[in-house]
Amino acid sequence: MASEPSSSPDTVGAIEVPLSQGLEHTQDQWEQAAAAVLRKSRKLDGDADDAEVWARLATTTLDGISVTPLGTPALSRNLPDGGLPGQAPFTRGSTASRELEGWDVRAWFADPDPERTAKDVVTDLENGVNSLWLSVGSGLIPIDALAKILEPVFIDLAAIVLDAPTEPVEAARALAAVIEDRSVTAAPGTSLGADPLGATMRRRGTTDLAVAVEVAEIAQPLGVRAITVDATAVHDAGASDVQELAYSLAAGATYLRTLVAAGFSVDDAAALIDFRYAVTDEQFPAIAKLRAARRLWNRVAELSGVTTAAAGQLQHAVTSRPMMSAYDPYVNLLRTTVASFAAGVGGAAAVTVLPFDEPLGLPEAFSRRIARNTSSLLISESHVAVVADPAGGSHAVEKLTDDMARAAWALFGEIERRGGLVDAMDFLRDAIDDTSSARALQIATRARPITGVSEFPNLYEETPARRPYGAPLEVHRYGGEFEALRDEPATTPVFLASMGPVAAYTARSTFAANLFAAGGIDTVVAGPTDGIEDAVAAYREADAPAVVCLVGNDEVYEAWGAGLVAALRDAGATHVIVAGRADIGADTAATAGLDALEFLRATREKLTA
């Protein structure tokens, strides 16, 4: 319920308007209004209780967490105190204010061509980028080119973050040499980026934990970070938000133990570690994940005896690779905008917006420009970074943060009970595989749509050509199975037999054409037709494809659907589909909620039979 009217009115022109005028609505009234809308759209039975709108409108994450459609005070009444920004438990931010006017805009570089990389680095830094994330090593930026690439960079102002899966020690020494040669203090956030646990999860690179100690010994005298807990390693494999959080805690705890065992104090060890998370276009879970991550790491630090500000997690958020699509790649611009908004609102210290063409190959100048300008727009034009933790206090976000934190802590506990991350790696991989399968089913049935891939595909698009990666990451792309069908388009179309006038078939014709296009199948459309003979004549004019799909409304199906099915079979059709639910003797029904991948694969087989 809204708060009581304020005794101090606002003055609008010459009219005094109480602050709460028009806002005194009850929860029952909201339920009634929401139920009316759902009944109108046939998503709620007429005799159902209005209170059922909560269940109908709530969404459930892959972790089984319910996301409420409306935040109410009751949701957050008994939640733990999130503190203030810059104070434990750091839910609301690791620092009270940002040193920059917004978050650190961090660009990613992986081009093995040193000259191109050097040029891209200067261009990005001159046009809004604050720090550099360099992937170096075999197939990536050559380690021996680091000094040359960084020659024009003020490394005391722009943080440098390394990602060197195959040669982490050699890369760390190369960056350390640059810092020492300049006789400057490296910019805050600089990290040598060792992550042998991430290499283990990705099955790529150096996996020996001793590497973490060796790199820490290089980093500590320089006052820079040594280790990056890169949770995108599990995200790229298909992990859920809770699994990503639990992995990061387990990895962080493992690194703490390793460094302390090597002689570092627990405070020094914590100060050598930073974290990287993926953010998707699922805005609210992404915000809650970053907030939960800080709270959880503070708890790990507290239990480990950390007494300094190192308990405040240093976060680097990266827009998700798996959510990106290779087809209709410009839709990725929308995905990354929402994701980077969530990263900024969620309180990440640094944000990397991956270029929209990242799934296609090495990004080019245009896509890099759009990527960096996304953060610039959010910071400078939308003013997203002006307020610290703008989602704080939102009942729905606070509840989701708490639910995620509790679920991740429970999974972290299970990993610890199994001996820690190294021993529990296969257990976690199995859990991630289960999550991937659950997500894949939702995508296959289009309950989790992917715009431009499973929904509204552009079958005739020409995707931009890009140079291949030298050392591509293995990424579990959410739309990968649909894109595999698009990679080898069907050579024969499906004939859409449009029944009746335009108004009778348009909706189902659009549904069917989009469904087939998602599987790389073109369609030939005939219509309008006014009867069986007319439809069969159009079918023959289209060279009589083997597979036919009837599209019409229920009335025309009942009137002459069965007769048309028989006539089309007589004319040469070997497989007849009907769009919608109609008992007219068709071989298959194409309906909302079907397993689209299974249906499309079966249809392609019929086309080639």
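Predicted model: local features only at pLDDT ≥ 70, side-chain atom pairs only at ≥ 80, totals over all residues.
Residues are numbered from 1 along each chain as its sequence is written, and side-chain values use heavy atoms, with hydrogens and water left out.

The bend in helix 20 lies at Trp560 and amounts to about 65°, taken as the angle between axes fitted to the seven residues ending there and the seven starting there. Helices (H or I, at least four residues) and strands (E, at least two) are DSSP runs numbered from the N terminus. Helix 20 comprises 17 residues, 554-570, and spans 23 Å from its first C-alpha to its last, close to the 24 Å expected at 1.5 Å a residue; the expected span is 1.5 Å times one less than the number of residues. Trp560 is itself buried, as are Val556, Tyr557, Gly561, Leu564, Val565, Ala567 and Leu568 of this helix. Buried denotes under 20% relative accessible area, exposed over 50%, and partly exposed in between (1.4 Å probe, protein chains only). The cover over these buried residues includes helix 18 (502-518) and helix 19 (532-541), together with strands 13 (494-498), 15 (547-551) and 16 (575-579). Just after helix 20, Gly572 adopts a positive phi of about 125°.

The largest nonpolar core contains 172 residues, of which Leu134, Tyr247, Phe516 and Leu550 touch the most other members. Such a core is a set of buried Ala, Val, Leu, Ile, Met, Phe, Trp, Tyr and Cys residues joined through side-chain atoms within 4.5 Å. Helix 10 (residues 241-261) supplies the largest share of this core, eleven residues. A second, separate core of six residues includes Ala34, Leu44, Ala48 and Val53.

Beyond four places in sequence, the contacts (heavy atoms within 4.5 Å) of Leu134 include Phe109, Ile141, Leu146, Leu150 and Ile160. Ile160 belongs to strand 7 (residues 160-163) and is buried, with a relative accessible area of 1%.

Apart from neighbours within four places in sequence, Ser375 contacts Trp103, Val105, Val351 and Val353.
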